[in-house]
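Here is a short walk through one protein model, from its loops to its strands and the space inside. Please keep the sequence and the 3D view open as you read.

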Amino acid sequence: MKLKKFFSLLMVAALCVGFTACSDDDDDNPDTIVGTWQYSSLELKVETSNAIVTEIIKTAVGAQLADVEIPNFTLVLTDNGKYTLSAAGQTSNEGTYTYANNKLVLTGDLSMLDFPGVENSLAFDVSFNSGKLILELDMEPLLGEIFAEYSALINKLAIAITLSPVYTN
């Protein structure tokens, strides 16, 4: 009888460990960036050594970003390393991409993005939040001399573009 009770308690303990040992398997990070992504939002990320400077930059640049409208902007990333950018009323831009170590590099026609200093290649830091793709673009290389002049004050100046997945049936 004692042996049967011991095995019963052992089974209950094993079940409890089994239910609590593993965390939720639902991951924010998809296994791949391949798919169709639609523009959701744009955010300015600023880090400085001075809170007042941070607020001034966020206010000045943020006001300009608030006026940015990107209607029906989509990014399609295929499994063969090709991308297509499209937006309402504009033709598509196409090219190739590489993705490694949470870095996405688009190479090709990027005229639709209209960033200063961009000719044919852009590198983004990639992260995910609640299934959304976040592309963070470091503005330092794009601003060149302007950024260099204020580099003692500015630690980070980036634009984060959030894209939601587009599901097709």
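## Two asparagines in a loop

Asn 101 lies in the loop between strand S4 (90–100) and S5, where strands and helices are DSSP runs numbered from the N terminus (E, at least two residues, for strands; H or I, at least four, for helices). Asn 101 has a positive phi of about 50° although it is not a glycine. With a relative accessible area of 76%, Asn 101 is exposed; here buried means under 20% relative accessible area, exposed over 50%, and partly exposed in between, with a 1.4 Å probe and protein chains only.

Asn 102 is found in the loop between S4 and S5 too. Asn 102 is not a glycine either, yet it has a positive phi of about 60°. Its relative accessibility is 45%, so Asn 102 counts as partly exposed.

## How the model is described

This is a predicted model, in which local features need pLDDT of at least 70 and side-chain atom pairs count only at pLDDT 80 or more, while totals for chains, interfaces and linings use all residues. Residues are numbered from 1 along each chain as its sequence is written, and side-chain values use heavy atoms, with hydrogens and water left out.

## The overall picture

The protein has 4 helices and 8 strands. Read along the sequence, they follow the pattern α-β-α-β-β-β-β-β-β-α-α-β.

Of the 169 residues in the protein, 29% are buried. The accessible surface comes to about 11,300 Å², and 55% of that belongs to carbon and sulfur atoms; such areas come from the Shrake-Rupley method with a 1.4 Å probe, and for residues only the protein chains shown count as cover. Among contacts with a separation of 6 or more, 50% are between residues 24 or more positions apart, a contact being heavy atoms within 4.5 Å.

Gly 81 sits in the loop between strand S2 (74–77) and strand S3 (82–87). Is Gly 81 buried or exposed? Its relative accessible area is 16%, so Gly 81 is buried. Leaving aside neighbours within four places in sequence, Gly 81 is in contact with Gly 95, Thr 96 and Tyr 97. The C-alpha atoms of Gly 81 and Thr 98 are separated by 6.5 Å, although these residues are 17 apart along the chain.

Asp 109 belongs to the loop between strand S5 (103–108) and strand S6 (121–129). Because its relative accessibility is 35%, Asp 109 counts as partly exposed. Which residues does Asp 109 contact, leaving aside its neighbours within four places in sequence? They are Tyr 83, Asn 93 and Glu 94. Asp 109 and Tyr 83 are 26 residues apart in sequence, with their C-alpha atoms 10.0 Å apart in space.

S6 and S7 pair in the antiparallel sense over 5 bridges; two strands pair if DSSP finds at least two bridges between them. They form a hairpin with 2 residues between them, and Ser 130 in the turn has a positive phi of about 50°. Across this pairing, Asp 125 stands opposite Glu 136 in S7.

Now step over to S8. S7 and strand S8 (residues 154–165) run antiparallel and are joined by 6 bridges. Glu 136 has Ala 160 as its bridge partner in S8. Strand S7 (residues 132–138) is mostly covered, with 5 of its 7 residues buried. S8 is largely enclosed by the rest of the structure, because 9 of its 12 residues are buried.

S8 also pairs with strand S1 (residues 35–48), antiparallel and over 11 bridges. In this pairing, Val 46 stands opposite Leu 157 in S8.

## The space inside

Rolling a probe the size of a water molecule over the atoms shows where empty space is left. A search of the whole structure finds 1 cavity of 30 Å³ or more. A cavity is a set of points, on a 1 Å grid over the protein atoms alone, where a 1.4 Å probe fits but cannot get out. The largest cavity has a volume of about 50 Å³, a volume being the space filled by probe spheres set on the points, with grid points joined across faces, edges and corners.

Which residues line the largest cavity? They are Phe 73, Leu 75, Leu 85, Leu 106, Leu 113, Phe 124, Leu 135 and Ile 161, where lining residues have an atom within 4 Å of a point. The lining divides into 8 nonpolar, no polar and no charged residues. In this grouping Ala, Val, Leu, Ile, Met, Phe, Trp, Tyr, Cys and Pro count as nonpolar, Asp, Glu, Lys and Arg as charged, and the others, Gly among them, as polar.

Key:
1 Å grid on protein atoms, 1.4 Å probe; cavity = no way out; pocket = protein on both sides within 12 Å on 5 of 7 lines; lining within 4 Å.
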